[in-house]
Amino acid sequence: IVLAPTIGLLIGCGLRVAVSWLFRRARVHKADRFFRRAQLVSAALYSLGHGGNDAQKTMGIITGLLVTSGYLSKFEVPLWVILISHLAIALGTLFGGWRIVKTMGSKITKLQPTGGFCAETAGAMTLVGATLAGIPVSTTHTITGAIMGVGATRRLSAVKWGVAGRIVWAWVLTIPISGAVAALCYLAVSLFLGA
């Protein structure tokens with residue numbers, strides 16, 4: 001919960017500074033046009049990182065349940081689990097992702113094409129690195145940190161720290177609230193089934 005946004009922030013900040021320095025003599029209009037196209041690549045890399053990290057967590061949970069319930073004799077992810085996990089990620093992004101994208105892209109800080117490219121690339125680098133290292137991280141945590149890092153390179157006040165703070169509080173509270181809901185569900189099922 002701390003590592004992913006911090007790494008995203010640092011890489012986002014570093015990329016934004018490097019891109020600003022490399023394109024310091026470029027005309028704003030030409031640079032914007034270039035980075036609008038480059039965002040197609042950075043978005044694709046970020047999507048790859050998203051599927052590679054988040055979908056693997058889903059696959060692990062489903063396969064773990066199949067092994068513990070006796071449907072699989074060893075922990076080997078079946079093809080159908082891979083496909084439904086990727087489908088679930090895709091549908092979640094399709095139906096619920098726009099709200100997150102809107103919050104990230106305009107409510108934390110205003111992103112221009114250059115900043116969007118840097119944030120997506122920083123997020124992709126963080127996700128792919130974590131995936132290769134076998135570390136499960138949150139895609140949303142990663143991109144939030146990257147966007148804050150990119151925004152902070154303009155000036156610290158360019159980042160709406162109040163919005164960022166509310167997002168972090170939601171992350172922190174999600175864990176105990178999820179645990180409490182799971183415990184209540186277990187208790188209700190146990191009482192109902194008499195177990």
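Here are some numbered notes on the predicted model above.

1. Ground rules. Residue numbers start from 1 along each chain as its sequence is written, and because this is a predicted model, local features need pLDDT of at least 70 and side-chain atom pairs count only at pLDDT 80 or more, while totals for chains, interfaces and linings use all residues. Side-chain values use heavy atoms, with hydrogens and water left out.

2. Overall fold. Helices here are DSSP runs (H or I, at least four residues), strands are E runs of at least two, and numbering goes from the N terminus. Along the principal axes, the C-alpha atoms fill a box of roughly 70 × 35 × 30 Å.

3. Burial and surface. Of the 195 residues, 33% count as buried; the cut-offs are under 20% relative accessible area for buried, over 50% for exposed, and partly exposed in between (1.4 Å probe, protein chains only). The accessible surface comes to about 12300 Å², and 72% of that belongs to carbon and sulfur atoms. Areas are from the Shrake-Rupley method with a 1.4 Å probe, and for residues only the protein chains shown count as cover.

4. Contacts along the chain. Take the contacts (heavy atoms within 4.5 Å) with a separation of 6 or more: residues 24 or more positions apart account for 77% of them.

5. Charges. The chain carries 18 positive and 4 negative charges, and their mean positions are 16 Å apart. Lys and Arg count as positive, Asp and Glu as negative, with His and the chain ends not counted; each charge is placed at NZ of Lys, CZ of Arg, CG of Asp or CD of Glu.

6. Aromatics. Rings of Phe, Tyr and Trp (its six-membered ring) pair if their centres lie within 6.5 Å; planes under 30 degrees apart are stacked, over 60 edge-to-face, the rest tilted. That gives 4 aromatic pairs. One of them is Phe 35 with Phe 117, tilted, at 5.2 Å centre to centre and 55° between the planes. Phe 35 is buried, at 2% relative accessible area. Phe 23, Phe 34, Phe 35 and Phe 117 make up one aromatic cluster.

7. Thr 103. This residue lies in helix 3 (residues 79-107) and is partly exposed at 23% relative accessibility. Beyond its neighbours within four places in sequence, Thr 103 touches Ile 108 and Ile 167.
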